[in-house]
Amino acid sequence: MTMPQARGAVVAAVDATSGAGPVLAWAADEAALRGLPLHMVLAVDESAPESGRAESGPAPAPGGPAAGAAVAALLEDARQAAVARHPGLTVVCEPADGSAVDALRALAPGSAMVVIGSRHHGVVRDLVGRDSLGPSLVAQAACPVVVVGGPESVPHAPPRIVVGVDGSGVSREAVRFAFEEAAFRDARLVAVAAWEPQYLRDLALEDAEDEVRRVLAESTAGWREKYPDVELRHEVVRGHPAGVLGDAAQGAVQLVVGSRGLGGFSGLLLGSVSRSLMRRATCPVVVVPHRAGEGVV
């Protein structure tokens with residue numbers, strides 16, 4: 001199988017909550033799969049409100065020796081867990097001053113991806129909250145952002161990756177990443193096009209569906225040739241993209257979508273779709289930016 005060339009590191013957000021385990025496990029697995037180092041970051045934001053702290057007991061005094069020791073202990077525990085999971089994995093641990101979003105955004109250029117969590121207490125949960133800076137990280141990061149929610153699950157066999165396609169530039173970047181991941185994981189790839197009639201009102205329903213199928217085939221054609229061993233299936237489904245993709249991703253190892261911009265035939269802002277999927281998807285969601293750069297290929 002033709003394999004992609006991976007560069008950079010897998011960056012993972014660390015916090016003090018028990019729910020952070022799936023994030024670090026996913027990031028360690030991905031780093032080992034790609035033969036990349038794992039770069040773990042714990043942001044220490046002294047200005048963060050008390051409600052944003054992990055619920056793991058009283059917080060040490062900001063900036064004091066106890067705080068430094070607590071951060072070092074958390075990072076060392078995370079490092080040991082990653083190495084125990086994948087002996088020989090290169091792991092770099094780093095505390096960072098300021099907000100988690102700023103720290104992760106700064107590390108994104110040249111990285112393979114940034115991995116955060118979504119459904120547990122503490123800093124990582126706040127990254128994807130409606131009123132948080134999470135959407136800013138997803139929209140501005142110079143590499144794919146992976147949102148891991150919930151506990152680890154046993155994937156179906158063979159593993160399956162779902163990618164959303166609408167013919168736009170951002171979805172083409174998502175298709176590229178999805179083929180790459182399918183090659184690394186020896187997974188099936190399901191390319192899904194969701195469409196709604198109001199955005200193709202100049203065409204009869206039958207002609208509109210034919211047009212969507214044509215765009216879907218064209219969007220995957222070149223990558224199918226590059227990765228001929230990746231088993232690919234096309235699905236065209238009438239409905240809102242967030243609902244269609246969420247349903248299609250049930251049991252998948254990951255769901256890949258574009259980050260932002262006006263979608264092609266969907267006529268929807270992909271940023272709003274990706275935010276909805278980060279909250280509702282039952283598998284990790286990979287949000288790929290337009291022109292992600294060489295950190296992903």
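## Ground rules

Helices here are DSSP runs of H or I with at least four residues, strands are runs of E with at least two, and both are numbered from the N terminus. The model is predicted, with local features needing pLDDT of at least 70 and side-chain atom pairs pLDDT 80 or more, while totals for chains, interfaces and linings use all residues. Residues count from 1 along each chain as its sequence is written, and side-chain values use heavy atoms, leaving out hydrogens and water.

## Helix α6

α6 has 17 residues and runs 25 Å from first C-alpha to last, close to the 24 Å expected (1.5 Å times one less than the number of residues). Of those 17 residues, 15 are buried (under 20% relative accessible area; exposed is over 50%, partly exposed in between, with a 1.4 Å probe and protein chains only).

## The aromatic pairs

Searching the whole structure turns up two aromatic pairs (rings of Phe, Tyr and Trp, taking Trp's six-membered ring, with centres within 6.5 Å; planes under 30 degrees apart are stacked, over 60 edge-to-face, the rest tilted). Phe-179 and Tyr-227 are stacked, at 6.2 Å centre to centre and 15° between planes. This pair ties together distant parts of the chain, 48 residues apart: Phe-179 sits in α6 (169–185), and Tyr-227 in the loop between α7 (205–226) and β8 (232–238).

Phe-179 is buried at 0% relative accessibility, and Tyr-227 is buried at 1%. Tyr-227 also stacks with Trp-223, with centres 6.5 Å apart and planes at 15°. Trp-223 is partly exposed at 23%.
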